[in-house]
Amino acid sequence: MITPHPDLVAVLAGMLVVLVVASSIGYVLQRRLSPDGSNAVVENLNHRIRAWWVMIVLMGLALIGGKSGVTLLFAFCSFAAFREFITLTNTRRADHWALAVAFFVVLPVQYYLVWIDWYGLYSIFIPVYAFLLMPIIAALRGDTDHFLVRIAEVQWALMICVFCISHVPALLSLEIAGFEGRNVLLIAYLVIVVQMSDVLQYVWGKLIGRTKIAPRLSPSKTVEGFVGGALSATAVGAGLSWMTPFTMLQAAFLSLVIVLMGFFGGLVMSAIKRDRGVKDWGHLIAGHGGFIDRLDSVVFSAPIFFHLVRYGWSAT
Amino acid sequence: MRGAAIGLAGTLILLLARFLTAVRGQWDGVAPTDEQRIYYANHASHGDFVLIWTVLSRRMRRATRPVAASDYWLKSRLRRFIGCDVFNAVLIDRERASRANDPIALMTDALDAGSSLIVFPEGTRNGTAAPLLPFKSGLFHLARARPNIVLVPVWIDNLNRVMPKGEFVPIPLICTVTFGSALHIAGGETKKDFLARAEAALLALSPKANAR
């Protein structure tokens, strides 16, 4: 095991403090407003806080475990997300082999490439090789019913659940002058900003939310919640610039990008859920729906964050 | 030694089932209690009773025996080990002409010994596009032989997509196992009426049926 960097220890300790405070508030709220478990908002809040504990503990272990730990953790997240996604698609018997290859070959290979830092291949493996290979395997089975829909769904699932998520551990491969050995902090930074944005949008929306932003997609999202949440999460991101290689202004810009991509990513994933007629992607984490319900914002922001940092700050 | 191997095999099968299907039990009609029951379920895959088993508590698992075809589960040593030792299945002979034991008698023996049962009244795996095959009469005879034991319909969703008949590599998909409300056979109820009622109760648990 690698000795964690003092900044990482500081970040983890900070998250711990935030969670302890959140849990205490949740406990008091429950005693005051919902002693019999009848207040849905309070119950939902406590479910979320409990799930954050699990997430933070897992993240902490992975971050301390270094590159292998982080890569394994996100490979598992990809697997679970891909499993949820494929469950909701129109894939059928004839896609069986294509799906087996996607799960047991494409996914592990993508994460292996990330683990050995082969940027030139992992950045095109799924958009080029899997993109061409998967429809060939499906075509060989000879079932042409809804063929285009089926192969498009599988490719989309791979891009979202495997390609995009794998850009989180890929942050470890960036070589940033003066930031050596601290890349895990970029992951922590991305996750914290995304999560804070979700939480703050939720809080602002509950406090002053009036105007629905996309009533058909996500009835709980409001303009007030979005603007308040985005601005305050950007402020938090700027305030955390000490854990990044960015200046405060740069951190604010990157946080804003993360927050916007995360927000619109959430809308896109909601549109898919509406289309499929489900409320949640899965049921893995109590109070949080499935893996994709928690990861949707990270999915959309991770590749953009990765490339912005790579072009702006990385030597490789 | 043998006991440890059985325990280990059981744990591995449960882990594999969870890894592939993230299966969740949904107790919509009855609660997960120790009450003696006959669970009857739709049948699309050899993994069906594994999924039901996975969502039962450890104690319920020990008291619940699947009813399975001996021609399949006695074919090799591995199958015999999994079928007889790990799952403690009640094995019945599907060949009416050659069989020595009456399947209903084997099942009532298991019930009289205190076990709950998992049965698949369609009699064979459903490879068709229809959600259910017509029930065989076994469920009716079993219900009439032990009218005081409740019957619980169990809908297994999605497992046919995980491993369709004839494929040997499973693909991971989320499955659910939904338990419906208990039913009893009514005094004087005809075979046709009872089987129709039991089929309808099971089909009503299918998410696709509910979506329509």
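User: Which residues does B:F194 touch, not counting residues up to four places away in sequence?

Analyst: This is a predicted model, in which local features need pLDDT of at least 70, side-chain atom pairs count only at pLDDT 80 or more, and totals for chains, interfaces and linings use all residues. Residues are numbered from 1 along each chain as its sequence is written, while chains are lettered from A and ligands numbered from 1 in the order in which they are written. B:F194 touches B:F140, B:A143, B:I185 and B:E189, where contact means that the C-beta atoms, placed from the backbone, lie within 7 Å.

User: Why is B:F194 called buried?

Analyst: A residue is buried if 20 or more other C-beta atoms lie within 10 Å of its own, exposed if 12 or fewer, and partly exposed in between; B:F194 has 21 such atoms within 10 Å, so B:F194 is buried.

User: What makes β2 and β5 of chain B paired strands?

Analyst: Strands (E, at least two residues) are DSSP runs, numbered from the N terminus, and two of them pair if DSSP finds at least two bridges between them. Three bridges join β2 (residues 37-41) to β5 (residues 116-119) of chain B, so these parallel strands pair. Within this pairing, B:Y39 stands opposite B:I118.

User: Why is one side of β1 and of β4 in chain B left without a neighbour in the sheet?

Analyst: The open sheet has the order β1-β7-β6-β2-β5-β3-β4, and β1 (24-27) and β4 (90-92) stand at its edges, each with a single partner strand, so one side of each has no neighbour there.

How values were computed
Helices (H or I, at least four residues) and strands (E, at least two) are DSSP runs, numbered from the N terminus. Two residues are in contact if their C-beta atoms, placed from the backbone, lie within 7 Å.
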